[in-house]
Amino acid sequence: MANSQRYTREIPHRYRLEAQKFPSGFVSLSRRYCDPISGKKEFEKINLKGTGKILTYTIIHVTSDQFKLLTPYAVAIIETDEGARVTAMITDTKFEDLKIGARVEFVFRKIMEEGASGIINYGYKAKVVE
Amino acid sequence: MIGIVGFGAYVPIYRIKSSTIANQWGDDPASIEKGLMLLEKTVPGPDEDTITIAIAAAKNALKRARIDPQKIGAVYIGSESHPYAVKPSGTVLIDALGIGPHVHVADFEFACKAGSEAMFVAYSHVKSGNMDYAMGIGADTSQGAPGDALEYSASAGGSAFIFGRENVVAEVLYTHSFTTDTADFWRREYQMYPRHGGRFTGEPAYFKHILGCGRALLEKSGMKPEDFQYAVFHMPNGRFPLKAGKELGFKQEQMNEGWIVNIMGNTYSGSSITGLTAILDVAKPGDKIFMVSFGSGAGSDGFIFQVTDKILEVQNLAPKTREMLNTPHKVYLDYGKYVAYRKKIHFNEY
Amino acid sequence: MREVAIIGVGMTKFGELWDQSIRDMFAEAGLKAIENAKVDKIDALYVGAMSSGLYAYQEHLGSLMADYLGQVGVPAVRVESACASGGQAVRLGFMDVASGMHDIVLVGGVEKMWDVEDGTFVLATAADQEYEVYNGVTFPGLYAMIARAYMDRYGLTREELAQVPIKNHKHAVNNPNAQYPFEIDLKQVLNSSMVADPLRLLDCSPITDGAACLILCPLDRAKEFTDKYVKIRGVGVASGPIALHDHKDLTRLEAVHLAAQRAYQMAGVSPNDIDFAEVHDCFSIAEIVVAEELGFFEYGTAGKAIAEGQATYGGKVVINSSGGLKAKGHPVGATGVAQLIEAYLQLTNQAGKRQVPNARLGLTQNMGGSGGSCVIHILEGM
């Protein structure tokens, strides 16, 4: 659950994959203030292209209430072509097409609804592409 | 020259066959497949709605337009299934695509006509010199009540069009709109499904407005049906648009390319305009296209386009509409999965 | 720095404790420990709990528990480090005594997990809320992704993975406080319901209510209270990336390695000196990876070694004689403390039928999140 104020401040990375590239080469989709490797504060702002490959994945059958209607669904750790590591739900993909090393493309999707009256949460998911 | 500089469509990968729905309600599948000429329809995935569909279509339009999103001065999304009753859909889109914040955004609603309406306003902005580029989108995840005839047609998809003056791929030659107050189909606040006037949706509504608009557009342009390579009309089912087209003097061959309703269903605000994208996907320089939308309530927007040389450069820059409709990744849903995806059953509130 | 001893322990039974609230459980365990250590008052209190706020709508546990142990007035604080909260509480108590600040310190852990319906959500708050949980990940899902990466790299089989819970259930048979003191077989593991592919229900530690407490004092005062005491010989703590995707190697839990190096160095021992270990087997794969990070087995080999009996009685090192998190139960905040209770019982020869023969050095490894934190203690029998 993300209430609207928490949700709004995360829009740059969730909607546009805005990321940071640090001098050590570390690329972070999560907003950081210094390089976790070198500690340096300089970075370059980049937008991830939204392509990458699966490093590992799982198919989740038991989940929290907010995702219950989606089960079973897959989640993967993805390494983007820029080198950022991203955890994302997999959508529009048959489970048998999931593989370590499979190419994925990010798509913009609804992540969850906060009940019938709360805000709708959007963000990135990934789908396997040939 | 003013016209379309980029276009893009999007349909989900999920489908339900007319026969699956017919078997659920004890209807005769053949009467749907042959009578309404509907074989299957698109269904939004559980994580898709009008906003995500509009964004996917708009991304494809941007790929073809090859412009800096920041140059787009206005974005309009037409839909009868905006996810929020109050809170715009377009704001999500502009933030997702890097358009704005210096941009005019509005959501439109006019039953199945809201998409062409968004195009009309976007085009008018460019024509007036108000801005260099404007985007009009029609997208829907429309709902038909279980057991209602609309359940066979109400589907999901959408298309986006960027209008501009440079690198135009399809010039707008003429437009015309035709509107009256006709309550053939409506949905009141807090109601999940629309209601309609049955046969009243036909002659006094669909045909009156499509033909009224279409005839006026032909007259205004001084063109004849045979001047066009393609014609596309709003597609609430398979039969209506073909009948309306013939009454206006168009031949089946002119209508085939844009007639995608048999495998897509009625994507409401994204119906005739997605047919238009299917035409633009294959059109050749110089081709003329005749399009008339229809929205219950009721009204029609008509456009005449002329395709330019530039079309050949952009056709392959984004997925083509019929490719998406015929994707090998199609997933057919059974009726149970379908009602769960469409939230037609009551779930626990957490 | 003073040397520190454990002089008494107390815990509730682990399981579905419908009649006991969070304070009932902690009071039971704390008063048992005080009685067991034969102390009449304590000088300070540390309570480990992961999420008493979300589980029991109760924060401010330090003061609450001091009050209900009859110790109002003592310095008391609650400690949180996800599933390593209990271990972190022990370490703070250790530092308190070692520094000379206090003499008799009660450290405990507690979790009341059966009072909420959506426990999956609560546990997931230990992961990165904005970058992992928002995108649908669950805790079993994170470890399932470690398992898949590990199986892919090292060829660990599903059957070998199942040997971890099978062994730990076998150990739990002899633990009267265990939640599930019964054996399970391969078929049951492989046929149990899927939780997060490839992890099935019987790969996962259960939802458990429970509390566990220890009394610490300076080693040179231990004899004043009891002749059954053990020495805490080494402590090592480390943090790791909060998000699993930021682990450079997805088959490793580097914070465990780092904490272990620190604990071994402080204790002046090596992995080969350890007779038994209580490790954080929140999921079957976790015990395998942890056993490697602790240096008991080479990387990529622990699954096979465990399947071959190297982690049970008669093997290289007895791992999880208590039944581990899987079979003893995993009341998150209490787990790290309960691990030291098992080590205390083993090293004072009070472990009954599950006694590790000639146990002299024991190690406890408590972990938070998907390797975001790790606390290791090395204990020595006197």
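The model is predicted. In it, 28 residues of chain C are in contact with 27 residues of chain A. On the chain C side, three elements each supply at least two residues: α5 (119–124), α6 (139–154) and β5 (194–197). The largest share of that side, 7 residues, comes from α6(C).

One of these elements, β5(C), also pairs with a strand of chain A. The partner is β4 (residues 51–60) of chain A, and the two run in the antiparallel sense over 2 bridges. Within this pairing, A:I60 stands opposite C:A196.

Chain C itself is assigned two domains, each made of two segments: domain 1 covers 4–118 + 207–225, and domain 2 covers 123–202 + 233–381. Their centres, taken over C-alpha atoms, are 22 Å apart. Domain 1 of chain C gives 36 residues to the contact between them, and domain 2 of chain C gives 32 residues.

On the domain 1 side, the elements that give two or more residues are β1 (4–11), α4 (85–99), β4 (105–111) and β7 (210–218) of chain C. Of these, α4(C) gives the most, with 8 residues.

The table sets out the two sides by residue class.

| Chain C, touching chain A | 15 nonpolar residues | 6 polar residues | 7 charged residues |

Notes:
Residues are numbered from 1 along each chain as its sequence is written. Chains are lettered from A and ligands numbered from 1 in the order in which they are written. This is a predicted model: local features need pLDDT of at least 70, side-chain atom pairs count only at pLDDT 80 or more; totals for chains, interfaces and linings use all residues. Two residues are in contact if their C-beta atoms, placed from the backbone, lie within 7 Å. Helices (H or I, at least four residues) and strands (E, at least two) are DSSP runs, numbered from the N terminus. Ala, Val, Leu, Ile, Met, Phe, Trp, Tyr, Cys and Pro count as nonpolar, Asp, Glu, Lys and Arg as charged, and the others, Gly among them, as polar. Two strands pair if DSSP finds at least two bridges between them. Domain bounds come from an automatic or database domain assignment.
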